[in-house]
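Hi,

Here is the structure I promised to send over. Have a look at it first, and then read my notes below.

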Amino acid sequence: MAISDELSRIVLPNGLTLLFQQMKHSASMAVGLFVKEGSIAEENSEAGYFHFLEHMLFKDSETRTSKQIASDIERVGGILNGSTSKEYTQYYVVASKSDSKLAFDILSDMVFRPKFLEKDIETEKQVVIEEMRSYEDAPDDFLYDFYFRNLYKGSAYGKDIIGTKESILAIKRPKLKAFYEKHYYPANMVLSVSGNLQWKAVVKLAEDYFSFPNPKGKVPKTKVMGKDSKDKEPKKHFSKNLEKRKIEQISIMLGANGIPRDFHGMTCFQTLSTILGGGMSSRLFQNIRETQGLCYSIYSFPTFYRSTGVFTIFCSTSKDKTEKCVRLLLEELKNLVTSGITKKELEDAKSNQLGSMAIGSELPENRMNNMGLQEIYFGRYFSLQDRMKAVKSITLEDIDKSIQHAFANPTFQLSCIGDISETKFEKIPNQLL
């Protein structure tokens, strides 16, 4: 197809992996720096450190104040942001292609030259505590963490990325700086760039702004998927859990078995999710919302990690409709297990996936993110053409295998938040009927 999808890749002398994809007709560019570790790499005494570090790298650097970092990029209409996940951490800038030098400068400045001022650490502790409180007050946000705590109880995957109030308030500069030095170094990072730039110019920008020395003996902490035989799947707990709150609706998360991050498997599960709960034409939306009128919002999504995965359905409804709603969700899953899907459903889901991929490829930030994550997880690049070919190759048998893997297990993780009695909650099933 006409969309250019060629990847350029080198490893700089300091161990930093540089990725680039040119977009000849794009007026903007995106540059993202990925650290190959996230919250599951924390010790118990370090709970929330990766997320806290993400906050701190937006504070004063050796050459800019936090206000200057923000104003320098916003002055040119750019976007500067970061995120912390369970398995990686990311910082990125989106800007006009004419401001690519500034984008590289700011990103390198904040990530490699933080001051970690005591006053900033103390201020940011309070900011993170307020962030925790905002999650506590937002039912959907709280439920997401509550659900993963229950599903992966006893595992690092079940711990909140943000940490705990106690762990955050206990942070001291020496330990935070030591944590930063332990995890933040060039060989443990990927720099991903996309936009209307030239490869030689991108290499020059990377050399000018990211040639920081790699500490002797420091190598990436994570390994490419399929090459680390020591990765063991954490145990999943398919149980029932309720958080009582005086709120109007009951928010529901129903969790089924998933798969680790695997190229073919992910493609099948994403297609299955499109059919079940991926949009207004999906089974869940049509049957639970449109026909039954039980909810406003309902959708499904798969989550893929290195050694584990989960398939999740989310829905909110009134407390007097909760039992009926969950029973209908389980009926939908039982229908999938016993009857599968139709050929038309599969073809429509494929068309949906292909269209979404094509549209998403128009944005430099999407390409930047896609390249970076593929490098971290697979150590190689699956092009847009590769991914489209994978979607087109999916068969009814592939989807049925995914269905059986996810939903044939008779018990599911059911996590709810809302004003419902324990007695009524106990009557709500979490097994196939």
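Let's start with a list: Gly-265, Met-266, Thr-267, Cys-268, Phe-269, Thr-271, Leu-272, Ser-273, Thr-274, Ile-275, Leu-276 and Gly-277 are the buried residues of H9. Keep in mind that this is a predicted model. That list makes 12 buried residues out of 15, so H9 counts as mostly covered.

Five strands make up an open sheet with mixed pairing, and their order is S7-S11-S8-S10-S9. Which strands stand at the edges? They are S7 (240–244) and S9 (298–304); each has a single partner strand, so one side of each has no neighbour in the sheet. On average, neighbouring strands here are turned by 15° against each other, ignoring direction.

If you zoom in on S9, you'll see it run antiparallel to S10 (residues 309–318), with 7 bridges joining the two. Ile-298 is opposite Cys-315 of S10. Helix H5 (residues 139–151) lies across S7, S8 (249–257), S9, S10 and S11 (413–418), and it runs at about 150° to S11.

**Rings**

How many aromatic pairs does a search of the whole structure find? It finds 24. One of them is Phe-50 with Phe-179: the ring centres are 4.8 Å apart and the planes are at 75°, so this pair is edge-to-face. Phe-50 is in helix H1 (residues 49–56) and Phe-179 is in helix H7 (residues 173–183), so the pair ties together parts that are 129 residues apart in sequence. Buried or exposed? Phe-50 and Phe-179 are both buried.

Phe-311 and Phe-407 also form an edge-to-face pair, at 5.3 Å centre to centre with 90° between the planes. Since Phe-311 lies in S10 and Phe-407 in helix H15 (residues 396–407), this pair links parts 96 residues apart in sequence. Both of these residues, Phe-311 and Phe-407, are buried.

There is a cluster to look for too: ring pairs link Tyr-144, Tyr-147, Phe-148, Tyr-152, Tyr-157 and Tyr-305.

Finally, two charges over rings. The charged end of Lys-240 sits over the ring of Phe-425, 5.4 Å from its centre, while Arg-261 lies over the face of Tyr-377, 4.0 Å from the ring centre.

Cheers

Conventions:
Residues are numbered from 1 along each chain as its sequence is written. This is a predicted model: local features need pLDDT of at least 70, side-chain atom pairs count only at pLDDT 80 or more; totals for chains, interfaces and linings use all residues. Side-chain values use heavy atoms; hydrogens and water are left out. Buried means under 20% relative accessible area, exposed over 50%, partly exposed in between (1.4 Å probe, protein chains only). Helices (H or I, at least four residues) and strands (E, at least two) are DSSP runs, numbered from the N terminus. Two strands pair if DSSP finds at least two bridges between them. Axes are lines fitted to C-alpha atoms, for helices over the stretch in contact, and angles run from 0 to 180 degrees between N-to-C directions. Contact means heavy atoms within 4.5 Å. Rings of Phe, Tyr and Trp (its six-membered ring) pair if their centres lie within 6.5 Å; planes under 30 degrees apart count as stacked, over 60 as edge-to-face and the rest as tilted. A charge sits over a ring if NZ of Lys or CZ of Arg is within 6 Å of the ring centre and within 35 degrees of the ring normal.
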